[in-house]
Every structure is written in structure tokens, then in C-alpha cells.
2 protein chains.
Amino acid sequence: MDYSPAVKRLLSKEKVGIGDRVHIEKGKNSFEGIVMPNTGQPDLLVVKLSNGYNIGLETEDIKIKKLPELKKPLPKKFRHEYDKSKKTILILHTGGTVASKIDYETGAVSASVEPEDLLASMPELAKIANIRTEMVFQMYSGDMEPEHWIELAKKVAQEHERFDGIIITHGTDTIHYTTAALSFMLQNIPKPVIFVGSQRSSDRGSSDAAMNMICAAHFIVGGNFKGIALCMHANMNDDDCYIHSGLHVRKMHTSRRDSFRSIDVLPIARVSKTGNIEALYDFRTKGEYKSLPVFNKKVAIVKIHPGFNYKLLEFFEKAGYKGIVLEGTGLGHAPVDVLDKYTRHHALVLSAIKRLAKNSVVAMTSQCLYGKVNMNVYSYGRKLLEAGVVPVQMTPETAYVKLGWVLGHTKNAEAAKNLMQMNLIGEQVERIDPRAFLF
Amino acid sequence: MDYSPAVKRLLSKEKVGIGDRVHIEKGKNSFEGIVMPNTGQPDLLVVKLSNGYNIGLETEDIKIKKLPELKKPLPKKFRHEYDKSKKTILILHTGGTVASKIDYETGAVSASVEPEDLLASMPELAKIANIRTEMVFQMYSGDMEPEHWIELAKKVAQEHERFDGIIITHGTDTIHYTTAALSFMLQNIPKPVIFVGSQRSSDRGSSDAAMNMICAAHFIVGGNFKGIALCMHANMNDDDCYIHSGLHVRKMHTSRRDSFRSIDVLPIARVSKTGNIEALYDFRTKGEYKSLPVFNKKVAIVKIHPGFNYKLLEFFEKAGYKGIVLEGTGLGHAPVDVLDKYTRHHALVLSAIKRLAKNSVVAMTSQCLYGKVNMNVYSYGRKLLEAGVVPVQMTPETAYVKLGWVLGHTKNAEAAKNLMQMNLIGEQVERIDPRAFLF
């Protein structure tokens with residue numbers, strides 16, 4: 001969509017184009033930023049401010065002046081001298097904000113920073129360990145598919161022996177789905193594999209990527225940890241990160257740098273940017289390392305709500321789905337009691353669940369997110385259990401990943417139900433830490 | 001399902017039946033509780049302990065003794081003397097744990113306490129105000145349908161003039177959907193309407209119902225509040241409740257008594273059980289009172305996740321749905337970029353969204369739950385905006401309720417999209433309080 005004639009006139013008068021850096025005065029306010037393309041309201045001039053957020057300005061009384069392009073001087077190309085007294089970390093890039101910059105042509109943030117550039121902008125990393133980097137994908141995590149998890153798992157399986165640890169940079173939208181996927185696909189991996197993301201937090205102009213990377217490197221070198229975890233800001237200060245188990249973490253805020261939270265367990269550790277490591281929760285996988293990168297995509301997450309339509313369950317049945325993760329209400333409930341004229345269709349919900357649970361797996365989680373699923377307390381929970389629903393003690397996202405992974409191994413629904421109820425690698429929260437609620 | 005012969009033998013030897021109160025010794029442990037029916041593992045004897053939770057016991061080395069039935073002496077039938085110096089509160093019961101007891105025949109908790117019984121067990125209420133009670137429904141909130149919201153709204157509309165305030169007891173599973181529904185259906189109602197629930201918290205044997213009710217009554221009498229709100233435990237102590245806006249609250253834990261949390265705003269107030277009221281957040285509806293109890297059930301909540309199937313959107317289109325609330329990832333995203341062979345179907349996701357958004361409303365919320373939706377930051381957000389998706393600043397649950405309510409007023413999709421973007425009664429969070437994250 002084009003800008004309105006009024007906006008176009010204003011821009012052409014000052015020879016300002018899309019992507020140009022400008023100084024704007026409007027009334028008592030002044031701004032500096034980048035001119036963006038029209039985002040839907042043609043008569044508002046959109047400017048991306050230095051904090052990454054856009055404002056729309058009416059053209060009335062506006063003074064606009066083109067500024068020279070800001071060339072951020074990049075440090076000299078990073079030359080990495082191998083230091084055999086140090087550990088060696090492989091950084092695998094998959095894209096996301098942690099390795100992104102603004103594309104001034106389209107106004108979008110895009111994943112376009114080469115691994116070397118990222119390293120050059122974080123020279124502290126080289127003081128902690130020898131660093132090798134490689135680009136695996138260049139994408140936002142919201143676009144990631146289970147096939148990418150499999151490719152990434154294969155890459156880590158192939159590389160991990162040659163390094164002391166691996167850092168994976170990843171967009172934050174679905175990073176917790178990927179950490180869960182790699183936890184199942186690379187169970188008991190004998191090296192630390194730490195995911196790192198970055199939030200474009202609205203509260204600060206600067207990026208949080210560097211500190212998250214540095215804390216991850218410190219944890220690999222000094223944490224004595226093996227397995228899949230996520231390293232992100234612990235709070236709004238730029239001092240500490242948490243290391244979260246890849247199986248028990250969730251993005252709980254759209255923009256804050258401390259948006260990732262361990263659910264029902266404490267984080268594994270707190271790591272300061274100076275390398276201090278405080279252990280909080282002993283989460284270690286036991287058993288033999290296995291690389292099992294499989295996933296059956298005939299799985300889905302379905303949220304229960306008042307007014308829920310049983311025909312949605314029939315859609316999944318007809319579409320040949322092998323597994324459904326329900327996000328039930330409360331302790332793990334769905335509307336199944338017939339009480340009055342308004343609830344007559346609840347009998348159809350129950351029978352649709354029963355039919356689905358016969359030849360596929362219906363796993364129950366809670367949309368509360370925190371706390372145990374317990375379907376024995378109330379009558380409708382018991383009806384769901386009798387219909388064959390399997391309660392699981394994990395986030396809906398981890399349950400979804402586990403279910404797709406389990407169904408990648410077996411097509412037998414009964415075997416899959418048993419596997420869903422087992423605690424294979426610590427994915428079932430057996431003892432909730434009360435301190436972890438909204439920690 | 002029956003118990004195994006071994007369990008049956010054990011019970012019949014001591015003449016113990018289902019529903020009997022028993023004392024059990026097993027090894028070094030001893031328990032008191034109620035014998036429950038078999039819940040799926042026939043060789044485990046299930047006993048409901050006094051804290052409301054069930055344990056399954058192997059019969060080996062078990063000593064069981066039948067106890068006399070515990071008759072809790074009920075106070076004399078509550079006689080209410082009208083005191084004209086006091087305000088008068090109407091308590092409307094809808095069911096749920098707050099007004100429930102265990103059915104020893106089925107092992108389930110059931111809603112069967114008469115309003116008078118409840119009042120008799122909370123004599124403190126009569127010291128705060130004159131109390132009238134009425135049973136509207138007798139159901140768990142997980143069974144509640146939008147039609148029940150309409151009936152309840154009509155009841156409140158009809159009764160509120162005669163009272164100084166109304167307390168509504170309600171199951172906790174979907175209480176936040178109902179508070180949102182009544183906020184839209186009874187906007188600017190000139191009286192305080194306070195919902196109260198109760199959690200069977202696993203940490204304490206006692207019920208939290210009484211304190212929540214007492215705090216709600218104190219807030220009605222002394223809070224100078226008008227509108228729809230929810231009163232629940234502020235923390236794990238039995239001292240304070242929070243009053244949450246009916247539009248910005250969510251059940252965040254399956255079992256804790258302090259499971260309800262205000263999202264992105266502070267609670268309206270903290271109320272102590274002694275009647276101390278501390279105002280925290282000024283949330284008052286402005287404008288004329290309107291009773292608008294309508295809802296269009298052709299709406300649904302759909303969660304986005306890696307591996308999301310666009311055919312699910314086609315199902316809703318074919319089924320004649322008028323509105324979909326997406327729970328997007330991150331800032332409000334869905335997989336719409338085609339990058340490689342694994343993401344080819346993303347083009348179909350985008351076109352399915354575009355088609356749906358043409359004749360119906362597709363509103364975007366975030367599965368993060370906290371923080372603003374901002375679809376201008378990344379390219380895929382912008383593609384979704386161009387496809388006609390409407391970003392909204394509220395929980396997925398409130399967005400769902402608002403969408404059904406809006407579509408109860410107009411069948412015109414464009415008008416409905418406009419209404420979804422407006423801030424009608426404070427449902428859009430315009431300024432996030434950073435203190436409210438995981439508050």
C-alpha cells in the first residue's frame with residue numbers, strides 16, 4: 001500500500017525516501033528514526049525509532065530533515081587465535097532477533113548478520129573460550145517446523161563430540177518448543193547444548209543478545225552441565241541470566257528481556273555476566289546418549305473453552321491425527337456433563353474424545369500452565385479418564401513436542417499412551433517447587 | 001470397574017464399604033480417610049484423605065479399621081435479622097468448589113450445598129452486611145456455556161437495583177471467562193458485582209471459600225467500587241485477597257489458592273479479612289449502564305504452534321465461524337513465510353487466514369499471555385496485518401468473550417473488526433504496569 005498524497009508530498013519535498021534516517025519536529029516533540037513504508041494507514045508517516053518500535057505521525061505541522069546514514073563502525077574482522085588452554089564452543093546460528101538487523105527497505109527486522117559479524121560485536125566471548133561458528137538456518141522461529149528441529153538435532157549429533165559445548169542462537173517465539181524437541185531427540189547428550197535468544201525489549205534501546213551469549217558461554221565452561229537448556233535474562237537488569245531446563249520453560253511475556261520462565265521447577269542455575277554460577281535446581285539427564293531425531297506431524301494442540309465445538313475433534317479424527325494435546329481448564333477438564341438444554345452437546349464432546357482416544361493419543365494439560373493436572377478430584381475429570389484421556393505433568397508445548405516425538409517411534413496408540421505417561425528424561429514434573437510459581 | 005479380589009477381600013473382612021470412613025495402617029504410615037471406588041488400577045485401594053486428595057494403596061501389609069461416620073454438627077439454621085444500618089448483599093450461587101462437598105458414593109466432589117448451609121458455615125458474613133442468597137445454577141464452571149453467562153447477566157440485571165452489591169459464587173475453572181462476559185454484558189453497572197471461587201488447595205486441609213467470601217463482602221461494603229470483579233486469595237496466607245478486574249484476570253495455577261492473577265495491570269485492590277482495603281489500580285467503567293446480554297457462539301480460540309495445519313482454519317471457515325481468536329507466538333505471529341521445502345504450506349496458512357479475515361474477524365492475541373501484541377516489528381506480523389488480522393491487547397480468554405459478544409450485536413465483519421480494535425470498557429490494556437508481570 002502506498003502513502004497518501006499528503007505524506008508523499010512531504011517526503012518528496014525534503015527528498016526523503018523509505019529507509020532514510022530523518023530528524024522530525026512536530027509541535028514540542030522531536031524524533032530521530034528511519035522512515036518506514038506505510039503499514040496500513042496511508043495518511044500516517046511511520047518512523048522506526050531507535051528503540052525498535054514504530055510511531056505513526058500525522059503530517060500536520062511536521063518538520064522533517066534527512067540525516068546522513070549512520071554507519072556503525074564494525075570492529076576489524078574477528079580473528080580467532082586458538083588457545084589450547086581454553087575450551088572450545090561451537091555457535092550454531094538459526095536466525096531470530098539474536099542475529100538480526102533492521103531491513104530499512106521493507107521496515108522489517110531480518111536475520112541477516114553473518115556469524116562472524118555477531119562474534120565481532122561480542123569480543124568478550126573469545127576471552128571465555130575458543131569459538132567456532134556456523135549458520136544452520138536463517139529464519140524467525142515463528143516459521144520453524146518440526147523438520148527444522150530434526151535437521152538441527154542431526155547437526156548437533158554430528159558436531160557435539162568435537163566441541164566442549166554448543167550454543168544455538170534462535171528466535172524467541174518458539175525457542176521453547178525447539179529446546180523441548182532437542183531434549184527428546186538428543187536425550188542424555190554428554191555435552192552442554194545451550195540455546196540463546198534475544199528480546200527486542202521496549203524498555204531499553206540496546207540488545208540483550210550479548211549478555212545472554214556471554215552467560216551461556218560461562219555456563220558451558222564452568223557449569224559442569226550436560227543436556228539441553230536455555231539461557232536468557234533473569235530479570236530486567238543486565239547482570240544475570242537464568243539457565244532453564246529445555247523441557248520446563250516458556251515464553252511468558254511478548255517483549256520483556258526476562259520473559260522466559262521455568263514452569264513448576266526452579267531454573268537450573270543463575271549465571272552472572274562475570275561468570276559466577278549459582279546452582280538452583282539439579283536437572284541432569286541420566287542414561288545412555290541416544291540420537292532419536294523423529295517427529296510425527298499428525299499432532300496438534302487444542303484449547304478447551306466454554307462454547308467448545310466437538311466437531312473440531314471430529315475434524316482431527318477425519319484428518320487422520322494420531323495425537324491431540326488438550327489444554328484443559330483447571331486441573332485438566334473439558335465440558336462433558338449434560339446438565340440442561342445448553343449442555344446437551346457435551347455428550348458429543350465426550351464421545352468425540354472417546355473415539356479419538358481409541359486409535360490415537362489424547363493427552364491432557366492445563367491452560368493454567370502452572371500446577372499439576374489431577375483428573376481424579378472432580379467427576380468430569382474422571383469421565384475423561386474413563387474415556388481414555390492421558391494426564392501429563394508438563395507444559396502444553398512440551399506435551400505437544402513429546403507426543404509428536406513418541407508417535408515418530410510407534411504407530412501403536414496404546415504403546416504411545418504408555419510412553420506419554422512415563423517419565424523418560426525428566427519431562428514429567430513429579431514434585432512442583434512452590435517457589436517456582438511466577439518465579 | 002470393580003476392585004481386584006484382593007482388595008475386595010480386605011474390605012469385606014473388615015465390613016468396609018465404598019464411602020466408609022476408615023483408619024489405615026501401612027508400614028510406618030497411618031491414614032484417615034474415605035474409601036473411594038476403584039479409579040482404574042483395580043489392585044490399589046483408593047482413599048480420599050481429609051485434604052481432598054486421593055491416594056492409591058497396595059493391599060500388602062495393610063491394616064484397615066472402619067470408623068464411625070463423621071457428623072459435622074451444622075449450626076442452627078441461619079436466621080437472618082435485617083439490620084437497616086447495614087448494607088444488603090445478594091449472594092447468587094452457580095456451583096463449583098466454593099459450594100461443594102464430596103459425594104462419597106461416586107468419589108467425586110459435587111455441588112450440593114444449599115445457600116443457607118453455606119451462610120450458616122460463614123456466620124461472619126452477617127456481621128458485615130445483610131445477606132440474601134439464591135441458587136441460580138448448580139454446576140461446575142468447566143461445564144458452563146455462553147448461554148449460562150447470558151442467564152446470569154439477566155439475573156444480575158434484574159436484581160442489582162434492590163441490593164448494595166452482589167456476590168456470585170462460581171467454579172474456578174472458567175470463572176475468568178464469566179467475569180469477562182458479565183463485564184461486557186452489564187457494562188457500567190452501577191453496583192459492585194464480585195465473583196468468588198475457591199480452590200481445593202493441596203497444601204492445606206481447610207477451604208479458602210470463607211475468606212474469599214468475607215473479603216468480597218468487605219469490598220462491597222467499603223470499596224466504593226462499581227463493576228465486575230473477582231475476589232480470590234492474594235497469596236498462600238489466609239490474610240488478604242486481591243480484587244481483580246473481571247477483564248484482566250486469569251487462572252494461572254491448577255490448585256493453589258492464589259492461582260488467580262491480574263495480567264498486565266495491578267489488581268484493583270488488596271482486601272484483608274478484617275476489612276482493610278488498599279487501592280492498587282483505578283479501574284472504573286465510565287459511561288451509561290447498559291444491559292446487553294448477547295453472544296454469538298460461532299467463535300473459537302485457536303493456538304498457533306510449529307507444525308500448525310492450515311486445514312484447521314478451513315474447518316472453521318466451512319463451519320460458518322464468524323470469529324477466531326488466534327493465540328499467536330511472541331508478539332502475535334503465525335508461520336506465514338515460505339523459506340524452504342519445510343515451510344511451503346505456510347503460504348496456505350496465510351491465504352487461509354486472509355480468506356477467514358474477509359468475511360469474519362480474526363483477532364490476534366499472544367500465547368505468552370503477558371505483554372503487548374505488536375505486529376509491526378517483524379515481517380510476518382506485517383503480513384498478517386495485511387491479511388486483515390486484528391491485534392488486540394487482552395488475554396486470549398477476554399478476546400474470545402469480547403468477540404462472541406461483539407458478533408452478537410453485528411453480523412457485519414468490518415463493523416465487528418472496528419469494535420474489536422476499540423477500547424469499549426477498558427478491556428484493551430493501553431499501558432502495561434511492569435510491576436504486574438508475574439505479580
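Two residues are taken to be in contact if their C-beta atoms, placed from the backbone, lie within 7 Å. The structure is a predicted model, in which local features need pLDDT of at least 70 and side-chain atom pairs count only at pLDDT 80 or more, while totals for chains, interfaces and linings use all residues. Residues are numbered from 1 along each chain as its sequence is written, and chains are lettered from A and ligands numbered from 1 in the order in which they are written.

By the contact criterion, 70 residues of chain B touch 69 residues of chain A. Helices (H or I, at least four residues) and strands (E, at least two) are DSSP runs, numbered from the N terminus. On the side of chain B that touches chain A, two or more residues come from each of strand 8 (109–110), helix 4 (146–159), strand 18 (299–303), helix 7 (311–318), helix 9 (379–386) and helix 10 (396–409) of chain B. The most is given by helix 9 of chain B, with four residues. By residue type, this side of chain B comprises 30 nonpolar, 27 polar and 13 charged residues; Ala, Val, Leu, Ile, Met, Phe, Trp, Tyr, Cys and Pro count as nonpolar, Asp, Glu, Lys and Arg as charged, and the others, Gly among them, as polar.

Chain A has eleven helices and 21 strands. Its domain assignment, with bounds from an automatic or database source, gives domain 1 (5–66), domain 2 (88–279) and domain 3 (299–421). The centres of domain 1 and domain 3 of chain A, taken over C-alpha atoms, are separated by 50 Å. Among contacts in chain A with a separation of 6 or more, 71% join residues 24 or more positions apart.

A residue is classed as buried if 20 or more other C-beta atoms lie within 10 Å of its own, as exposed if 12 or fewer do, and as partly exposed in between, with C-beta atoms placed from the backbone. Of the 439 residues of chain A, 53% count as buried. A nonpolar core is a set of buried Ala, Val, Leu, Ile, Met, Phe, Trp, Tyr and Cys residues joined through C-beta atoms within 7 Å. The largest such core holds 236 residues, of which Cys231(A), Ile353(A), Ala363(A), Cys231(B), Ile353(B) and Ala363(B) touch the most other members. Leaving aside neighbours within four places in sequence, the contacts of Ile353(A) are Leu313(A), Ala334(A), Val362(A), Leu384(A), Ala387(A) and Val389(A).

Helix 5 (residues 175–185) of chain A is mostly covered, with eleven of its eleven residues buried. The elements covering these residues include helix 4 (146–159), strand 11 (192–196), strand 12, strand 14 (249–251) and helix 10 (396–409) of chain A. Strand 13 (residues 240–245) of chain A is largely enclosed by the rest of the structure, because five of its six residues are buried.

Two strands pair if DSSP finds at least two bridges between them. Strand 12 (residues 227–233) of chain A runs antiparallel to strand 13 of chain A, joined by five bridges, and the two form a hairpin with six residues between them. Within this pair, Met232(A) stands opposite Tyr242(A). Strand 13 of chain A is also joined by four bridges to strand 16 (residues 269–272) of chain A, again antiparallel, where Ile243(A) has Ala269(A) as its bridge partner.

In chain B, five strands form an open antiparallel sheet in the order 4-3-2-1-5. Strand 4 (54–58) and strand 5 (62–66) of chain B stand at the edges with a single partner strand each, so one side of each is left without a neighbour in the sheet. Strand 1 (residues 21–26) and strand 5 of chain B pair over five bridges in the antiparallel sense, and Lys26(B) stands opposite Ile62(B). The loop between strand 4 and strand 5 of chain B contains Asp61(B), which is not a glycine but has a positive phi of about 55 degrees. Asp61(B) counts as exposed, with 9 C-beta neighbours inside 10 Å.

A further open sheet of chain B has four strands in the order 18-19-20-21, with parallel pairing. Its edge strands are strand 18 and strand 21 (390–391) of chain B, each pairing on one side only. Strand 18 and strand 19 (residues 323–328) of chain B are paired in the parallel sense over five bridges, with Glu327(B) as the bridge partner of Lys303(B).
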